[in-house]
Amino acid sequence: MLKIISLNGLKHIERKFKREVLSNLSESNNYAFLCRHCSKAVQQSKTSLPYSKGQDAKLALKQKGKRQKNIPFVKELFLGRFDKEMLLFPELDKYEDVEHLNELIAPVERFFTENVDSQSIDIEGEIPKELIRQLGELGLFGQQIPHEYGGLELDATGYARMAEVTAMDASVAVTFAGHQAIGLKGILIAGTREQKEKYLPKLATGEQLAAFCLTEPSSGSDAASIQTRATLSEDGKTFHLNGGKIWITNGGIADVFTVFAKTEVTDEQGNREDKMTAFIVERAFGGITSGKPEDKLGIRGSNTCEVHFDNTPVPIENVLGEVGGGFKIAMNILNSGRFSMGSSGAGMLKKLIGFAAEHAISRTQFKEKLMNFGLIQEKFSTMAVTTYAMESMAYLTALNLDSYVEPDLSVEAAIVKVFSSEGCWNCASESLQVLGGLGYMKTYPYERYLRDARILMIFEGTNEILRLFIAMNCLKYAGKELKEFQKLLRNPLKNPSAMFLFMRKMSSRKPKKVMHLNEELHPTLQHEAWMLEQWTQYLEKAVQKLLRQYGNSIIDEQFHLKRLADMAIDLYAMTACIGRTSRSLCMGLKNNDHEKTMTQLFCKEAVHRLENNFEAIMSGDQSNGDDLRRQIAEKVFTEHGYAASHPLTKNKF
Amino acid sequence: MSGLRILVGCKRVIDYAVKVRVRPDKLGVVTEGVKHSMNPFDEIAVEEAVRLKEKKLASEIIVASCGPQQNQETLRTALAMGADKAIHVLVEDKDYSNLQPIHVSKLLAKIAAEEKVDIVLLGKQAIDDDCNQTGQMLAAILDWPQGTFASKVVKKDGSLDVTREVDGGLETINIKLPAVITTDLRLNEPRYATLPNIMKAKKKPLTTKKPSDYGVEIKSSHQVLSVEDPPTREAGQKVESVDLLVAKLKEAGFMKS
């Protein structure tokens, strides 16, 4: 007897119910999945809902209830465990929610197309005050601020969607980000009710702008080493800020600053130490000077400058969070906005691909249209696939962020940032290349998009730091559990069966099909499901090898940490693409076959990279070239530059 | 004196920036998956109504649209711009191809009477069919005066001074209320719907009706035979002198030899 299950119909049942149902089914031999191929009628008719009336009750149940905590997906991958939930690409609860977001997007897109002159903003190096006022009127400065303070109260998904549109002008996008993704985010996350009531209303309308002040001349990536000090006055009512910050976005135009400074903290034992504290500082407090705007390569319209604090008085009511708790707040702030780089990058690339495609379709050389040449086709397929992966990861992360009360997606957000920044840079370069000489000229926007894209790899945490962050966080997580096995290794006879299983897992070089990932997916994605499972198991092996070899000093092995991070990035990207494609196939979305093709190519290329990284890890420093790399770098530093003798050098004989 | 009640008609059309393509069956243009938005002239009409309300000359703005389910997006945009309530006359996809200005004007006439409006503001024409008929037909059905191609509207006591853009220049007429006005390009510049207003618009009332509720039957009186692209523009010719130009024009038969 065939049991036909509509995968789509199960969509609105609680995920764990679905897993139980699916796992029960897998035990029986007679079942088939019939994914609902959307008939033309379903596609066109908005009233035909993809779930039966009987499941309305369950839907209502799910709607209001956010689950508490998620399984940290990428961290679990390092233990060879794949949380299948990640393959169920999430979606907004109601069709109306999607419609509502689209209604919000439309006027903003129109405004940007008609009113934002990106070329002149780039040349002048400034966003006109009038434009800032209009953007404020539109409501764009309060995207994540709650309704009660005058904001739009967009959740992560809404914010990500809006970022796709504001990315049309990078200077404007960065001004927004500096203001709300980091500048005032601290007040949203850690502010008291009084602080929120006092500052958020004016920040929501753009009447006042915010800035995030952390970086100093001697403290970039090493944020904990900042030297700006806040000293408490005698009467304990005021802190005085002294120090200087550099490269502060909106530094010259902001009225409200989130400033991080060192404060002397005394703990219970009476020991005194310097800890970071976050403060809300108003320009009106006095003693604040901004330097002149920096002349930058890209995002030239965004105001970036030095901000100096000279005995600036800050009332203790303006301490954000707790005295001494600033570092954690800083990290939370930075973690919370990161994922949106995926959607803003995708938004920008979609535009670029469109422009470049028009050119390739119409331009003729050698009596052929450019689009018929293989090298051009390769560029477009790379750009399309990169954009697809970026988009999929961004929304997978954003939708999941919105589904949990206490989400732990910091590693995933970092992955999105690293992939998106590099993807944008490479694809902007490729789209410029398609236009050849024309792309190089300032009359076309490609060179501006390329210049604007370069900063993405640097700010919000350099990609180098984020790769280390990804690897170390996951290793720490995995290491905790592997410690148990270490104990086992020291005393193998204590638990022989566990020991036996562990040894068997370690020795078998080839991964085995045990996860049944394909059951969560559309039947045509079997091969991709297997690739995911295989490489999760290989990642686990690589992790175990490195932890065994280096133990705690793995922290210094940055070549390997980078490889682990890259493997994690590829696996997360593959998961996002495969999950999204599966959903598109099941729902019969337009061009879902195209999505499948892109996912297939992405997985093929990702597996190549995974193979290379894995081999390099497993084969050791002498085989993978790391030893050579270290030697070469050392020589360059000893010689203070390039060290080889000039090729024309001759011996005087 | 209590404020005027205004009815504004909106049509959902293919966005002006989209490159329109003819359907393979040559009976229309491709509309599926194509970006749509409110007819630009209708936006001007909504803007004018909102400005009258801001000047405290109008007390309520009702927007109406006839078409399939998607027309609700257009109505919500109008609500976000400042309208107070919306009426959606639901015309199913299969009937929509038969919907003509004659039907729309009959529907709007019934709505205008039901809602007891003083002014009906419409765009002068829709950018998809360029009919330029609805406003005029509506005025005839209601037996109200009309001010078409309005580039300026000033309220007087019980009447309106309407400046019209006509071929000869500008003509100003005074029409008694209640009246029908159709808007032209230079009447005003429509505002962008701000995001907070879009969110507030969700709470404004939007009622859905059927053409039969107003006793109107959507029956087509004509049939589209074919839709074709305009002929592709051919390359011109460059000539060196005026004499040569005249010679060529005579050759082509554009000038009497």
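Tutor: Contact here means heavy atoms within 4.5 Å, and helices (H or I, at least four residues) and strands (E, at least two) are DSSP runs numbered from the N terminus. The model is predicted, so local features need pLDDT of at least 70 and side-chain atom pairs pLDDT 80 or more, whereas totals for chains, interfaces and linings use all residues. Residues are numbered from 1 along each chain, chains are lettered from A and ligands numbered from 1 in the order written, and side-chain values use heavy atoms, without hydrogens and water.

Student: How many helices and strands does chain B have?

Tutor: Look along chain B for its secondary structure. The count comes to seven helices and eleven strands.

Student: Which residues of helix α5 in chain B are buried?

Tutor: Buried means under 20% relative accessible area with a 1.4 Å probe, protein chains only. In α5, which spans residues 134–142 of chain B, the buried residues are B:G135, B:L138, B:A139 and B:L142.

Student: Why do the buried residues of α5(B) line one face of the helix?

Tutor: The arc is that of the directions from the helix axis to the C-beta atoms. Seen down the axis of α5(B), the buried residues line one face because they fall within an arc of 100°.

Student: What do the buried residues of α5(B) pack against?

Tutor: The partners of these buried residues belong to chain B. They are α4 (101–115), β6 (119–123), β7 (146–156) and β10 (179–183).

Student: Which residue just after α5(B) takes a positive phi?

Tutor: Just after the helix, there is a phi of about 60°. The residue that takes this positive phi is B:D143.

Terms used. Buried < 20%, exposed > 50% of the residue type's maximum accessible area, 1.4 Å probe, protein only.
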